[in-house]
Structures are given as C-alpha cells and as structure tokens.
Amino acid sequence: MADASAPSASFGLRMLTEPAEYRAYIAAHGQPGREYFAHLAEVLAQDSRVEPARMAPLAETLLRHARATTVPEYEALALRAWGNVAFACGDYGLAVEHYRGALARFGTEMDMERGRTLSSLLHPLAMLGEHDASMAAAAEARACFLRCGASHRLARLDINLASVYFREDRFADALTALDQAQAGLLSGGADSASDHEAWAAIRVTRAVVLINLARFAEAEAAYQEARDYSLAHDMPVLAAQAEYNIGYLYFLRGQYVKAIRALDRARETAAASGDKLHLALCDLDQADVCIELNLYEDALQLAHSSLKQFQALGMPYEQGKSLTNMAVAEQFLGHDSAALGLLGQAEVAFANANNEFWVHMANLYRGVVLLKLGRCFEAMQLSERARVFFELRQTRTKAIYAGIMSARARAAAMDVAGARIAAERAEQALGQLQAPWLHVQVQMLLGQLADRAGDRPTALAAYERAMKEAEATRGNINFDELRISFMRDKSQLYERYLELLLGADTPPEPEAVWLHMERAKSRSLASVMAGGFGAIQPRMGEGSRVVHEISRLREELNWYYRQLDPGQPGGHRPGDGGIDDVLKAIQLREHQLLRAIRQLPDDEYRILEQESGITLERMRHHLGDASWIEYFHCANGFVAVVGDARHVRVVRLPGERSAVEGALRLLRYQVGKRAMESEYFRHNAAAFLRAADSHLALLQRELIAPLLPFVESEHLLIIPHGVLHALPFGALQSAGEGGQPGASLLDGHSLSLAPSAAVFALASQRPPSPARQRLLVAAEPAFAASEIAAVSQCWSEATVLSGAASTLAAVKAAAASSRLIHIAAHGVFRADNPYFSALELADGRLNVIDIYNLRLHADVVVLSGCGTALGDLAGGDEIIGLSRAFLYAGARAVIASLWDVDDRTTAEFMTCFYRHWTAGNSSLAKALRQAQLEFRERYAHPFFWAPFQLIGAYR
C-alpha cells in the first residue's frame, strides 16, 4: 500500500469535509498511509482543545476513512483521535470507548502508541469514578514508555496521574507526580521545551493541589501564571480551567464577590472555547456561592443548569453534588418534599459514582428533612446508619452530628429514654473536642429533654452550657452544621432559658434578666464594632505587613473551617491526622490572628480594643439621664426591662405575641406606599387614619402602657427584639375619647433605638467626628434634587454629588472624610439575602458588604430613601441591613426609614429636621422629635412623619 505524504493541516481537514478533494488526493497519491492518519490525528487532537465541537464530525470522518483501509493501526490512530476529541467535548464515556477500541487494534507490540493511548485513557476513567482501572492504565503506560525510553511521554503521563491523585484526595502524591513531570520535561529536549500544553497543565494542576493544602498564595500565583501562559500560547481551554479555579479559590477563601466575578469570566472563556466541563463546574460552584449568601432562587437555577450539563457529560459524582445543592436551596425555600426527592436522586448518583461517603451524607440530609416533615422513624433509621458508617470511617464530627440527629428523631418519636441515651453518647464522644457548633447541639438537646421531664435545674444548666458554646462560635461560619440544618436559629435557646429563669421559685435579679437578654442580641454586630474578626471582610488599610498577615490568616481559617464541613469525602485535610490535625491548625491560626490583630495601629483598626460586652455601669454611663426599655420574646408574649440611672425593673407584658404581630402587620399595610398613593386612599383618608390609629392604640396598650409608670426621663432609648424592630415606636398612642387619638409616646419623649445595649454603648463612646465636610448625595435627581437643594441651604459648604456624579467611587471617597452623610437614594431591601440590601447610586448598588468595608468618621448618616432601616433577622436577633452596616463602618448614629416614603414630603421633613438640628444645642434625638411633631401638624397620617428612626448615639 502506498504511503502518501502528509497533507498540510488546513488542506487535510478540508479533505475530511469535502469528498471531492479527498478523491482527488487519492487519485494523485494513492491510498493514504500511516503518516496521513498519524498527522491528521495529531491535528484533530490539537484543534479539539480550541474547537472541540467542530472537530467531532471530522474525527468521525477520519475514522471512516481509516476503516476503509482495513489496516488496524490506522483505525487505532483514528479511534484515539476520536477519543481525544470526545474527552475535550466532555463525553468521557465515549472517550473511554474509543481509547479502548484503539488499544484493541494497536495490539501488544506497539509500546509507544499503546502507552500514549493508555496515558490518555486514565483521566476519563477517573472522571467516571473508575479509579482502579485508571491506576492500572497508568501502570501499564509507564511500563511502555520506560521500554521506549520516552521521557517526554513519561512527563505527560505524570501530569495525567497527578489529576487522578487529586480526585482521590492524594495531594502529596499529586505534587510528587507534578515534580516528576516537570523534571521530565526539563530533561526531555526540544520536544518537551515546546510542549506548551504540558507546561500549562502542570501549573494549573499544581495550583489545584496547593489550594487543598491551604497554600493559598502559591496557588493563586500558579493559577495566574497558568492563565497568562495559556492565553499567550493560544490554549483557551486551559485558560478557562485556570480562570475557573481562581474563582473557586476565592470561594474557598470566603471572598464571594470576587468568586462570582471570576467564575463569570471563566464561564465566558469556557463558552467561547466550547469547554463543556468548565461551563458545568462554573454553574455548580456559583450555586455553592449563592447558597452561602442565601440566594436560594439563584442557587436552584444554577444547580439545575449544572445538573443537566453533568448528565450530558456522564459524571455521576458531580450530578450528585448538583442535586444536593438543588435540595438545599429547595429546603430553604420551604419546599421540603421537593428537597426530599432531590436527595433521593443524589443518593443514586453518588452510588453510581461509587462514593459511599456521599451516599451517607445524602441520607443524613434526607433525615433532617424527614424530621421536619414529622417522619421521625425514617429520620432515625437514616441517621443511625450514617452514624455507624462515619464511626467506621473515623469521621468523628460527622458521626457525632449523625448521633445528635438520631437523638432528635427519637425525642420527636416520644422515645425520651432512647433520645437521652443517644444524646449522652454524643456528649461523651465529643469529650474535649474543640467543636462548639456540636456542643451547642448536644447541650440544647439535653436541656430540652430535661425541660420535658420537668427538671428545671438540669435544663437551665444544659441551656447555659449551650449558650456559652454558641457564643464561642465566631463570625458567620457554620462549621460542621449541615447546610440543611435543624438549628440555624438559636433564638429558641435564649427564649426558653429566660422563660425557665422567670418561672423559678426565687425570682432572678432584674440585672441578671437584662444581661441574659443582651446575650442574644446583635452579638456579631457588637463583636465587629469592637474589632472582632467575624465580619464579612475586615475594614483594613492596604500595604501594612500586619494587615496582609491578618488577611492571610482569615483566608486560611475560612478554608480550614470548611474542612470540618461535610463537603468532600473524608475532608480535604493536610497530613494524615484527620479531624484532630484540622482542629490543631484552626487553634494555631486563631492564636496567630489574635496576636496579629493586637499589633494593628489605631489608624488601621480604630476601635479594636473596645469592649463589645455590656455592664449596667457602662450602660448608665453612656445613657446619662435617659431611660431605656429593652424587649425580649418569652413564650407566647414579651418581657421588658425598664432601666435608668437608679432602677432596673422586669415587667412581663400582658399581650400575646400573635396579637402584636397581627396588629403590626396590619399597620404596615396601612403605611404601605402603594396603599397611600392610591386613589382609594385620597378618597378615604379619614378612614385610613382611623384604622392606623386603632392598630397603634392596640400596640401601645400591649407594649408601652404597662411600662410608662417607670419612665421618668425625657429621652427614651428603645432596644427592640424580633418583629418589634419594624415597629414605629414614636407613633404609638393611647386611645382617646370619642374616637380621637390620645397621647403618643412622642408627645412626652424624644426617642432613639439600638440593636442592643452593647451596640448603643459602642456607638456612644465613639468621639465626635474630627471631619468638617458634609456630603449630600442625590442619586435620583428626578426625585431627590429638591430634597438635596433644600438640605443644602442648611449646609451651604456641603459637597453635593447628584445624578451621574453620584458614583460608587465618588461616594465612597467623599464619605471617608465627612461628618454628615445624607444619601437620598432608593433603598433596596433584600429579604432573601440582606447582605445585598443596597442603595441605588448612579453606576451601581452600594450594598451592605460594601458599607462594611467603608471607614467612616461620621456623626450621623441620614438615609432618606425607602425602607433603609429594614433588616433581616439572622441567627436569632442579628439584624443585617443598611443601618447596621453604617454603624459598623464607623458612624455614631444613623437615621433611616421603616417603609417606602413619599419623595415630596421627605424633602420637607428633612429640611425641618436640619433646621432644628442646626438651630442651637439640640441633640439628634430632640431635633428628630421636633421635626416629627411639627410635621404631624401638617400631615396627620403616620405614613408621612413616623418612618424615620434614630439608631445609635442620640446626642
């Protein structure tokens, strides 16, 4: 058979699509030989890395031509080319089929070609979960290359082997394989030096492994280098892989916004190159990010998209992860039955991937949902099976968690004795393990069991231990709690403890009751205001060695905390010490972080050394001659503490929580902007006012009237709890005679609010602003121009950023040196994720995360937009929203609105407020009260004058 010269790459590919040109080629050169098929097979393999989808029909045509020759070797070359294209397209099953077909036709004598095919085969086998077969293929390929003395091919084999080791969590072996690959390329001559794909793959794979060894700086540098190298040498698939992994690195480090942006860029790169695998991985990881940020609708959509793609790629393990993410999102959206079905599918997918660890994790997730649905016996069985499995695998925290789950299921099934045995077994297993997130679960369960048995002292002691452990859990990290968690909100723990405390035979001291209330309120906000490190990102300057050290330690801690999550089989842990190694690493870095924080100078973390706790003496010092009322949920009602410079009293309020919540819900409808701006309101204004007055009178009777005899001061600080954060306290009024409204709380007192007494004290102890600038922002000129124009008459020297000038960068820069910040912008309240509540500026949204990272010296921030005082209750009484973010950022006080306000009357109101504030020695609280009283004379309905609240320092 004649052996034709190899055609040029472009002409050769064109012949595969143009039958006439192929026939002409045969007429000129005779039947094609080995060089023809070997050359076009290499061209297809190279081009498939850029345009894999376009190469598929060409690979099929080449195979058809090879079969026509009836020469097994030519068919084997074409089959391997088809396998390379299928792998690039993400069709791992088809790739394995073609590689094995090629091996059958190469036979046992052709060591080099057989070795090359085996080296290509091991990666798709690993992607399909066939790890033993993958290792066998690697061993045989190595033997082939050693017989041939092919150092370059051995280096290529080691790169593929490193990827397989990574999927098996064998990180040290993966690094060793990469070192061997690099050494082989360096000694392999010209062919190795010009193998750009191999050099880029080494960088990418090394970075992936370094992430899982918590060597973040090295990993990020390797990724950036790999991306730049790949782009410089026209390898978009590897560039997409590097970009994707940069995004995943940001996610693991808790840098969620950066992660989303990097994953978006990776998705664009992958889409442009037809890289189906990284398109799917981008969707899967963005679903993870969205779940972390409580964006459950987005997470559901992304996870569903990744599922479809992984199904097409034939990757069962990744299908299981997608299904699990979908189930988590559905559960948090309240769709428990849908979550249950998805978890059943996930279990099947993990079983198909031979991943026993995640089969049991999916079952444990199912148990949590089943218990919510009241199917306690099924939940008990699943959690017990999981506990036994995790104990055998020596996965200690997972086994303890499963045991707690089993105990809860037994308690729900009225098997109190069995529940107590299971809970005590979990407590014993925990021992001295530094895992407060698990200690909370165990102690709360023990407290509930003692509570049910009527053993008040034992219940109180267990609840006390649970609260101490809960307070030891820093920041927003959930540690080992399942993402479908049965105890994310620990407010019930504090409420039940208080109820037992108040029901004791010997009444507790009022101060003890108040301090307990404070334990449950805004602890995270107080912690970060006092310099704790639980914030989303620390508000720190650039350039300092200490600052960079703190940033590095925070990121490493975030990664180590994730190793305690049930996120990967066995956990990605350095070393062989398992959970104990991880806990030691956490403890070491926490000590290092505290040491580094203490080294910060004042200008980098101004409020670091402040005390986040509260005492009665400290409260009275900052309160001055004012009084305070602090509310707390208790059983089906409310308890209040009333205090001043001389007394502290505890008062159980008579009203039921359901009645208060109902009246507040109806009141908020009455002040809804849509209702107030309707034609119906204009025709029925008097009726609307009477309805609002009736709701306000009920709320006053239930929440304020029993407390007023103990309030003697002119100023009153109110610290709400739960739903009461949304209550306009200044509008509460008694029922007058003849259907007329009676006296309101505002008639006798100026008012201010605070999320907690600790937050009030922290804001109050901040010194007056040294800044002189006043910043006025009109982000929506059509609505806010008149307001800013009116306000600027009080501050003639103010900096005004209006319309297109009110950019994110301009507002951030000016805010840093302003004493007063007044922002007239539309407020966006995100109930689904309050971290993304925001103010609409000219070029984007200034969200809560952005505000956390500002460094302010403002006496007051005034947010005159709609609903800017709204926040979301998280983890008990942690309010997350715009006003709290500005307090953390450095403001002494914030004035914000409880509902959507009227643009025209808001301009009038703000002018009135500033006129009173600048008139003399009037405090913020007095100026706000005077403006509200004056405005009430003009507009009777509380919609117009009652939404604005002063939060933080009041003078």
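Predicted model: local features only at pLDDT ≥ 70, side-chain atom pairs only at ≥ 80, totals over all residues.
Strand β10, which spans residues 818-824, is mostly covered, since 6 of its 7 residues are buried.

**Strands around β10**

- On one side of the account stands strand β8 (residues 773-778), which pairs with β10 in the parallel sense over 6 bridges.
- Within this pairing, Val777 stands opposite Ile823 in β10.
- Strand β14 (residues 860-863) also pairs with β10 in the parallel sense, in this case over 4 bridges.

**A sheet with antiparallel pairing**

- An open sheet of 3 strands has the order β11-β12-β13, and its pairing is antiparallel.
- The edge strands of this sheet are β11 (827-828) and β13 (844-847), each of which pairs on one side only.
- Strand β12 (residues 838-841) is joined to β13 by 4 bridges, and the two run antiparallel.
- Across this pairing, Glu840 stands opposite Arg845 in β13.

**The largest cavity**

- About 140 Å³ of space lies in the largest cavity.
- This cavity is lined by 17 residues, and those closest to its centre are Gly730, Leu751, Gln932, Phe948 and Gln949.
- Three elements, namely β7 (750-753), α43 (924-938) and β18 (948-952), each supply at least two residues of the lining of the largest cavity.
- Which element gives the largest share of that lining? The largest share, 4 residues, comes from α43.
- Sorted by class, the lining of the largest cavity has 12 nonpolar, 4 polar and 1 charged residues.

**The second largest cavity**

- The second largest cavity has a volume of about 70 Å³.
- Its lining is made of 10 residues, of which His725, Leu753, Arg884, Gln949 and Ile951 are the closest to the centre.
- By class, this lining of the second largest cavity has 7 nonpolar, 2 polar and 1 charged residues.
- Gln949 is named among the residues closest to the centre of the largest cavity, and Gln949 is also named among those closest to the centre of the second largest cavity.

**Aromatic pairs**

- Is Tyr296 buried or exposed? Tyr296 counts as buried because its relative accessible area is 14%, which is under the 20% limit for a buried residue.
- Phe332, with a relative accessibility of 26%, counts as partly exposed, because this class lies between the buried limit of 20% and the exposed limit of 50%.
- Another aromatic pair is formed by Tyr914 and Trp917, and this one is tilted, with 6.4 Å from centre to centre and 40° between the planes.
- Tyr914 and Trp917 both lie in helix α42 (residues 903-918), where they are 3 residues apart, about one turn of the helix.
- Tyr914 counts as buried at 0% relative accessibility, and Trp917 counts as buried at 13% relative accessibility.

**An aromatic cluster, and charges over rings**

- Phe909, Phe935, Tyr939, Phe943, Phe944 and Phe948 form one aromatic cluster.
- Phe948 of this cluster is also among the residues closest to the centre of the largest cavity.
- The charged end of Arg203 sits over the ring of Tyr229, at 4.5 Å from the centre of that ring.
- In another case, Arg936 lies over the face of Trp945, at 5.6 Å from the ring centre.

**Phe357 and Phe390**

- Phe357 lies in helix α20 (residues 356-372), and Phe357 is buried, with a relative accessible area of 2%.
- Phe357 and Phe390 are 33 residues apart in sequence, and in space they are 8.1 Å apart, C-alpha to C-alpha.

Conventions:
Residues numbered from 1 in each chain as written. Heavy atoms only, no water. 1 Å grid on protein atoms, 1.4 Å probe; cavity = no way out; pocket = protein on both sides within 12 Å on 5 of 7 lines; lining within 4 Å. Points joined across faces, edges and corners; volume = space filled by probe spheres on them. Nonpolar A, V, L, I, M, F, W, Y, C, P; charged D, E, K, R; others polar. Buried < 20%, exposed > 50% of the residue type's maximum accessible area, 1.4 Å probe, protein only. Phe/Tyr/Trp six-rings, centres within 6.5 Å; stacked < 30°, edge-to-face > 60°. Lys NZ or Arg CZ within 6 Å of the ring centre and 35° of its normal. Pairing = 2+ DSSP bridges.
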